[in-house]
Amino acid sequence: MKIASIKTVYPEYINLFYSKNMKIKNKDYRYQLDAILDDCAFESNFLLLELNKLGYETDLFFYNIEPLQKAWNDEYRNSSLFDILIYQLKTSNPDILLLNGINIFSEKQIQLLRQELPNLKKIVSWYFGVMNSEVVKKAKYFDQIYTGSNYYVSLLNCYHNNVRLLYHSFFPDILKKIDNRNLSKSIVFPGSIAYGVQTKRFELLGKLIESNLPVDFYGKIYGTLVPDSIINTLRTLNTCRLLELKNIKKLSHYEKLIRNNMHESVFGLQYYNIIANSSLCINVHGGCTTLGTGNARMTEVTGVGTCLVTDYREGNKEMFEPDYEIVEYKSTDELIEKCKCLIEHPEKAKEIALAGQRKTLSKYTYKQKAAQLDCYLKELMRGY
């Protein structure tokens, strides 16, 4: 059976990758693809490597990495990225398409994929994100959907009758690629903060820094209350419309603190190295409920052997034992208190980190993920 995996990555990653590897853009398709896979970002080809061991043939296409896709075949260099992908898939001739997100394509494009690939039997997709009208509308086009927690299984089951649980995972070979650990006492938060969507993260990180804890933020701030240009001033005016006026002064203060402890976004091996060389890693799930759990950071942080300090979710205990394998917090004050305690008692943080790592390496690797996906696909393909 042949699977073609189609992925999109953050535009920020594309810009960072090629700015740091400027000569790669002029190399051929295979050279660029190998360099991207070696960077170990966005799950790389981890799952496909394990599926290959189970007897599957696989291809991987990074749909939105334009320099890579344009290098695939000179004949199609001036074609659209979607047309290039169609040509790639015709060459690949897969039985199954595996997408890393329901929203990669428009409804029309999904229909075109089926029309242009007459030998294609099934289209399946991963989804772990906000439920909105676009997701609901597109869910019907997929033969099976995978998601990372039982809570999201129940959410998606309202709109699709073939949703399966497939946890985020860790690739143990990453441990061989991490630099010699020079463990610092820093608390790291890799991610993003957006006004109007993730405003609470400003207060959380700002108060951590204000408490004189050694916090490093790797990521981007979307929107600003600290304008330093005409463009940012206009953005600030738009941001203020989303916030209550009484909160603006406080949030502006926190933003300034965060920007003083801010570094550019990190991905792939750089991301794993930053986490592995920190004492604690803060995790904040997206969304506004306290139910959905199991984002990628939970297995990435525990996988490299760093102590995970994550926001309380009812589903956390499905994956890890709180206070033994991970640390939970229900409020900013509790987060500060627990971080101070763990920084002052590094042996306790290490004990929790190693317990979390043992759990991840025994239950949440891509080997297990591939075995589970294999069961789902066999069930889906029964009769072919």
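In α10, the residues T199, R201, F202, L204, L205, G206, L208 and I209 are buried (under 20% relative accessible area, with a 1.4 Å probe and protein chains only). The model is predicted, and local features need pLDDT of at least 70, side-chain atom pairs count only at pLDDT 80 or more, and totals for chains, interfaces and linings use all residues. Residues are numbered from 1 along each chain as its sequence is written, and side-chain values use heavy atoms, with hydrogens and water left out. Helices (H or I, at least four residues) and strands (E, at least two) are DSSP runs numbered from the N terminus. Just after α10, N212 has a positive phi of about 65°.

T293 lies in the loop between β10 (280-283) and α14 (296-304) and is buried, with a relative accessible area of 2%. The side chains of T293 and N316 are joined by a polar contact of 2.5 Å (a pair of N or O atoms within 3.5 Å; within protein, one must be able to donate a hydrogen and the other to accept it, and residues adjacent in sequence count only if both atoms are side-chain atoms).

By class, the second largest pocket is lined by eight nonpolar, six polar and two charged residues (nonpolar: Ala, Val, Leu, Ile, Met, Phe, Trp, Tyr, Cys and Pro; charged: Asp, Glu, Lys and Arg; polar: the others, Gly among them).

Note on methods
Buried means under 20% relative accessible area, exposed over 50%, partly exposed in between (1.4 Å probe, protein chains only).
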